[in-house]
Amino acid sequence: MNTSNNLYRDIATGLFFTIGVFGFMSGEFMISTLLFGAASLSSNLNLDNALRS
């Protein structure tokens, strides 16, 4: 496992989620929904195995 890729993925997931929460609180429901979806995808997709194949 490459820890730097995991770190970058965790940082991106955290940023998507945090910005999504602030967007939800400010009433931007469409943007917050997209950011929550991006956080979900970035936390669940395993891209490092797909690139090696």
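Reader: In which helix is confidence lowest, and in which is it highest?
Author: The protein has a mean pLDDT of 85, and 81% of its residues reach 70 or more. Where pLDDT is low, the predicted coordinates should not be read in detail. Confidence is lowest in helix α3 (residues 47-52), at a mean of 60, while the highest value, 92, belongs to α2.

Reader: Is the ring pair of F17 and F36 stacked, edge-to-face or tilted, and why?
Author: The count of aromatic pairs comes to two. In the pair of F17 and F36, the ring centres are 5.6 Å apart and the planes stand at 50°. Stacked needs under 30 degrees and edge-to-face over 60, so this pair is tilted.

Reader: Which helices does that pair link?
Author: F17 and F36 are 19 residues apart, and their pair links distant parts of the chain. F17 belongs to residues 3-26 and F36 to residues 29-44, which are helix α1 and helix α2.

Reader: Are F17 and F36 buried, partly exposed or exposed?
Author: F17 has 48% relative accessibility, and F36 has a relative accessible area of 30%. Buried would need under 20% and exposed over 50%. Both values fall in between, so F17 and F36 are partly exposed.

Reader: What about F24 and F29: stacked, tilted or edge-to-face?
Author: Nice follow-up. F24 counts as partly exposed at 47% relative accessibility, and F29 also counts as partly exposed at 47%. Their ring centres lie 5.3 Å apart, with the planes at 70°. An angle over 60 degrees sets the class, so the pair is edge-to-face.

Reader: How far apart are the C-alpha atoms of I31 and I19?
Author: I31 lies in helix α2 and counts as partly exposed at 46% relative accessibility. Along the chain, I31 and I19 are twelve residues apart. The separation of their C-alpha atoms is 9.3 Å.

How values were computed
Residues are numbered from 1 along each chain as its sequence is written. This is a predicted model: local features need pLDDT of at least 70, side-chain atom pairs count only at pLDDT 80 or more; totals for chains, interfaces and linings use all residues. Side-chain values use heavy atoms; hydrogens and water are left out. Rings of Phe, Tyr and Trp (its six-membered ring) pair if their centres lie within 6.5 Å; planes under 30 degrees apart count as stacked, over 60 as edge-to-face and the rest as tilted. Helices (H or I, at least four residues) and strands (E, at least two) are DSSP runs, numbered from the N terminus. Buried means under 20% relative accessible area, exposed over 50%, partly exposed in between (1.4 Å probe, protein chains only). pLDDT is the predictor's confidence in each residue, from 0 to 100.
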